[in-house]
Structure formats: structure tokens, C-alpha cells
Amino acid sequence: AELHDAEMEALLADPEARKFLQAAVQKQVESWVHQKIPALGGRTPVEAVRDPDGKEMVEALLLDWERRDERDVSPNQIRPDISALRRLLNLAPQAS
């Protein structure tokens with residue numbers, strides 16, 4: 001069942017629930033590095049970063065993800081830690 005906005009807001013306001021949700025989101029995001037991605041020619045990000053072209057494509061996907069997160073200005077929004085993905089993929093952190 002879909003959570004209603006009010007319920008979701010209440011959950012996000014609760015530090016314990018927030019911590020749990022953040023961890024769940026992060027786990028889901030980190031599993032992405034092992035998924036076959038059509039944009040990467042059906043390779044996983046882990047496979048793609050092994051060659052320069054693939055690495056560039058993965059970087060572009062991560063940047064796009066970060067930009068989308070920045071545009072979402074909802075104060076309680078749970079944002080995945082994209083820098084953790086960069087570490088998993090042995091990519092340099094983005095210079096901000």
C-alpha cells in the first residue's frame with residue numbers, strides 16, 4: 001500500500017524511522033552498482049568502470065542523479081549518499 005504524504009512526513013520527522021529509511025534507501029542505491037543497466041550496454045556499473053568509455057557513462061549517470069536530488073527541495077527528502085557509490089566503484093569524488 002502506498003503511504004500517504006502525511007504518513008510519510010510523520011515517518012520522516014521521526015529520527016529512528018528516518019535512520020531506518022535512510023539505510024534502506026542507501027542499501028537499494030548501493031545494489032545498483034551490481035545491476036545490469038541498459039544505458040551501459042547491459043553491463044553493471046562495476047563492469048562498466050573498467051574501461052574509459054564505461055567509466056565516463058557511469059560518471060554521467062551519477063552526476064545526473066546528484067543533480068536530480070539537488071532539485072528536489074523537499075526538506076525531509078531522504079537523499080542517497082552518491083559519494084558512497086563513487087567509493088564502491090573506485091571513482092574520484094566530485095569536486096564541488
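**Reading the helices, the core and the salt bridges**

Analyst: Begin with a pair of helices. The axes of helix H1 (residues 5-13) and helix H2 (residues 15-31) come within 5 Å and cross at roughly 100°. Keep in mind that this is a predicted model.

User: How are two packed helices described in general?

Analyst: Two packed helices are described by the angle between their axes and by the distance between those axes. Angles of 65 to 115 degrees count as roughly perpendicular. H1 and H2 are therefore roughly perpendicular to each other. On the H1 side, the contact is made by Met8, Leu11, Leu12 and Ala13. On the H2 side, Pro15, Ala17, Arg18 and Leu21 take part.

User: Of what classes are the residues in the contact of H1 with H2?

Analyst: Sorted by class, the contact of H1 with H2 has seven nonpolar residues, no polar ones and one charged residue.

User: How many helices and strands does the chain have?

Analyst: The chain has five helices and zero strands. Followed along the sequence, the pattern reads α-α-α-α-α. For the overall extent, the C-alpha atoms fill a box of roughly 45 × 30 × 20 Å along the principal axes.

User: How do I read the inside of the chain?

Analyst: The general idea comes before the case. In soluble globular proteins, nonpolar side chains tend to be buried together. In this chain of 96 residues, 29% count as buried. The largest nonpolar core has 14 residues. Those with the most contacts inside this core are Trp32, Val58, Leu62, Trp65, Leu85, Leu89 and Leu91.

User: Which helices each supply at least two residues of this core?

Analyst: Helix H4 (52-71) and helix H5 (82-88) each supply at least two residues. The largest share of the core, three residues, comes from H4.

User: Which residues does Trp32 touch, not counting residues up to four places away in sequence?

Analyst: Trp32 touches Ile37, Pro45, Val58, Leu61, Leu62, Trp65, Leu85 and Leu89. For the chain as a whole, take the contacts between residues at least 6 apart in sequence: 48% of them join residues at least 24 apart.

User: What about Ala48: is this residue buried or exposed?

Analyst: Ala48 has a relative accessible area of 0%, so Ala48 is buried. This residue lies in helix H3 (residues 45-48). Leaving aside neighbours within four places in sequence, Ala48 is in contact with Leu40, Arg43, Gly54, Lys55 and Val58. Ala48 and Val58 are ten residues apart in sequence, and their C-alpha atoms are 7.2 Å apart in space.

User: Now the charged pairs. What makes a salt bridge, and how many are there?

Analyst: The test is a side-chain nitrogen of Lys or Arg within 4 Å of a carboxyl oxygen of Asp or Glu. By this rule the count comes to six salt bridges. In one of them, Lys19 pairs with Glu16, and the closest N and O atoms are 3.5 Å apart. Lys19 and Glu16 are three residues apart in helix H2, so about one helical turn separates them. Both Lys19 and Glu16 are exposed, and the relative accessible area of Lys19 is 55%. By contrast with this pairing, the C-alpha atoms of Lys19 and Gln35, 16 residues apart along the chain, are separated by 25 Å.

User: Which parts of the chain does the pair of Arg86 and Glu59 link?

Analyst: The side chains of Arg86 and Glu59 meet in a salt bridge of 2.6 Å, N to O. This pair links distant parts of the chain, with Arg86 in helix H5 and Glu59 in helix H4, 27 residues apart. Both Arg86 and Glu59 are buried.

User: How far apart are the closest N and O atoms of Asp64 and Arg68?

Analyst: Asp64 forms a salt bridge with Arg68, and those atoms are 2.9 Å apart. Both residues lie in helix H4, four residues apart, about one turn of the helix. Asp64 is partly exposed, with a relative accessible area of 35%. Arg68 is also partly exposed, at 44%. Elsewhere, salt bridges that share partners join Glu59, Glu66 and Arg86 into one network.

Methods: Residues numbered from 1 in each chain as written. Predicted model: local features only at pLDDT ≥ 70, side-chain atom pairs only at ≥ 80, totals over all residues. Heavy atoms only, no water. Axes fitted to C-alpha atoms, helices over the stretch in contact; angles between N-to-C directions. Parallel < 35°, antiparallel > 145°, perpendicular 65-115°, else oblique. Contact = heavy atoms within 4.5 Å. Nonpolar A, V, L, I, M, F, W, Y, C, P; charged D, E, K, R; others polar. Core = buried A, V, L, I, M, F, W, Y, C linked by side-chain atoms within 4.5 Å. Buried < 20%, exposed > 50% of the residue type's maximum accessible area, 1.4 Å probe, protein only.
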